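Dear colleague,

I am handing over the structure we spoke about, with the sequence alongside. Please have it open while you read the notes below.

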Amino acid sequence: QRWLAVVWPCPLRSDPDGTLRGTLTLRPGAAVACALAYEETEAAARALFDHAADHWQGQIEATDFAWREWAAHSRIGGPYRSAMRRSALTLKALTYEPTGALVAAPTTSLPETVGGVRNWDYRYCWLRDATFTLYALLLVGDRTAARAFWRWIERTCAADAAAPERLQIMYGIHGEKELPERELGHLDGYRGSRPVRVGNGAWNQRQLDIYGELLDAFWFFVQTGGDDGEKIAADPGVWTLMVGVADHICAVWRRPDQGLWEMRGDPQHHVYSKVMCWVGLDRAVRLAARFDPGRDTASWATERDAIREEVLRRGYSERAGAFTMHYGTDELDASALRMPLVGFLPADDPRMRSTIEQIQATLGDNGLILRYRDHGAVDGLPPGEGAFAICTFWLVDCLTALGRLDEARALFERMLGYASDLGLFAEEIDPETGAALGNYPQAFTHLALIDAGVDLSAALERRQAVAGATDERAGQVRLVAGRLDERPR
């Protein structure tokens, strides 16, 4: 038996169906607190009730102070400081402090189309999403979350260092490995969007990109983590895991997989997965040179170069004028926008520039970017979803890298307009109405906002500095010319 503790500033009544109801009236500026919790004993429930009733104001003030202190010490500047800080706070709130896990979203089954079936449970730690989040938090100077995450990795995954094929794409926040998906048929779902799901059927998929993302995140942490990075890198358990992951990439990169978007159809040779395998081996070679110089990395380098050659040969379609979703298709995939961001090809490479332009033209919907077209035909699910916010922010980053700063700034500022009144973003955006779709708030969107915002702000600052220097030189030229004109003839 469990006891319900309720703190509510007015009398409550219980309906026959067990619903608790109460009504109160608030004046402008007034504040009240409500606490609801289950406890094992009546005494614990009463203690919680008494404590909450007496101390809620102090708890709120302490919480507010702690978050303001964290935000004040974050390394965020530039014209988009406010939005980036809000996103950083959101990512920090998506960390589970007791273990260091980083969740993709705190919700389940908020639909990608209202009334549709693309309703997933995101309350887990995906290695991909977590490493992206880690990158963004490091950009704003939060090393505490990074240290905690790598310790979580060590506890959760290091046991698989000798058998990295057992490494999963996602785990529970306590390191749970089995996350079977089931439907809760007694629930209607958000605005009638069924089914409501608990668990996620993708937990045991093969997604080869996660290996590269793990190594890339580790490399970035080492590069930016100072003493923290050095200590974690020197940890034998963590480094042994990284070595095992690099060796595993060499063994599996030629296999098909379910890809970044967790396709529930037949596995394919996804271009993004191959690119991230290249990234993983590239970072592994660099890490070994720095922390394990005696290690023979020739096989890593050989396989890295083989991946690159194959992607350039089989991943680019002359007919589509772009890198495609997978080998043997002309279907485009917005994940190709990540290629210049991870250093596979520069943005101004003719093939990459063409890919960016084709994605804009083909996957653009009212200026926002879809993951891919022909939903349903591609992923085996009924069609219908919104534009993916992270993909649109990737486009901002690519436009910045191409030097198309005015276009990048306009798109970035437009994206900021889709935030809720609390500054939060969902996973997707309805291109027609601007409505939020999918789970909310979504780490993917907030971390991409930070990544794009940092790069765009730096590029705008550089342009302003160059313009200022040019104006100064022009003024000096005009001054010299004036003096020449005043010389006696």
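In this predicted model, helix H3 passes helix H4 in a left-handed crossing. The two helices, H3 spanning residues 127-139 and H4 spanning residues 143-157, pack at an angle of about 155°, and their axes lie 8 Å apart. Angles over 145 degrees count as roughly antiparallel, and H3 and H4 are therefore roughly antiparallel to each other. On the H3 side the contact is made by Leu127, Ala130, Thr131, Leu134, Leu137 and Leu138, while H4 contributes Arg143, Ala145, Ala146, Phe149, Trp150, Trp152 and Ile153. Sorted by class, the residues in this contact are eleven nonpolar, one polar and one charged.

Some of these names return in the largest nonpolar core, which has 137 residues, and in which Phe149, Trp150, Ile153, Phe218, Trp300, Val311 and Leu447 touch the most other members. The largest share of this core, twelve residues, is supplied by helix H8, which covers residues 271-291.

A further point concerns lysine 92, which is found in helix H2, residues 81-93. Its relative accessibility is 16%, and because buried means under 20%, lysine 92 counts as buried. If neighbours within four places in sequence are set aside, lysine 92 is in contact with Trp67, Trp70, Leu137, Asp142, Thr144 and Ala145. Of these partners, Leu137 and Ala145 are also among the residues that make the contact between H3 and H4.

With kind regards

Definitions and conventions: Residues are numbered from 1 along each chain as its sequence is written. This is a predicted model: local features need pLDDT of at least 70, side-chain atom pairs count only at pLDDT 80 or more; totals for chains, interfaces and linings use all residues. Side-chain values use heavy atoms; hydrogens and water are left out. A nonpolar core is a set of buried Ala, Val, Leu, Ile, Met, Phe, Trp, Tyr and Cys residues joined through side-chain atoms within 4.5 Å. Buried means under 20% relative accessible area, exposed over 50%, partly exposed in between (1.4 Å probe, protein chains only). Helices (H or I, at least four residues) and strands (E, at least two) are DSSP runs, numbered from the N terminus. Axes are lines fitted to C-alpha atoms, for helices over the stretch in contact, and angles run from 0 to 180 degrees between N-to-C directions. Angles under 35 degrees count as roughly parallel, over 145 as roughly antiparallel, 65 to 115 as roughly perpendicular and the rest as oblique. A crossing is left-handed if the near helix is turned anticlockwise from the far one by less than a right angle, and right-handed if clockwise. Contact means heavy atoms within 4.5 Å. Ala, Val, Leu, Ile, Met, Phe, Trp, Tyr, Cys and Pro count as nonpolar, Asp, Glu, Lys and Arg as charged, and the others, Gly among them, as polar.
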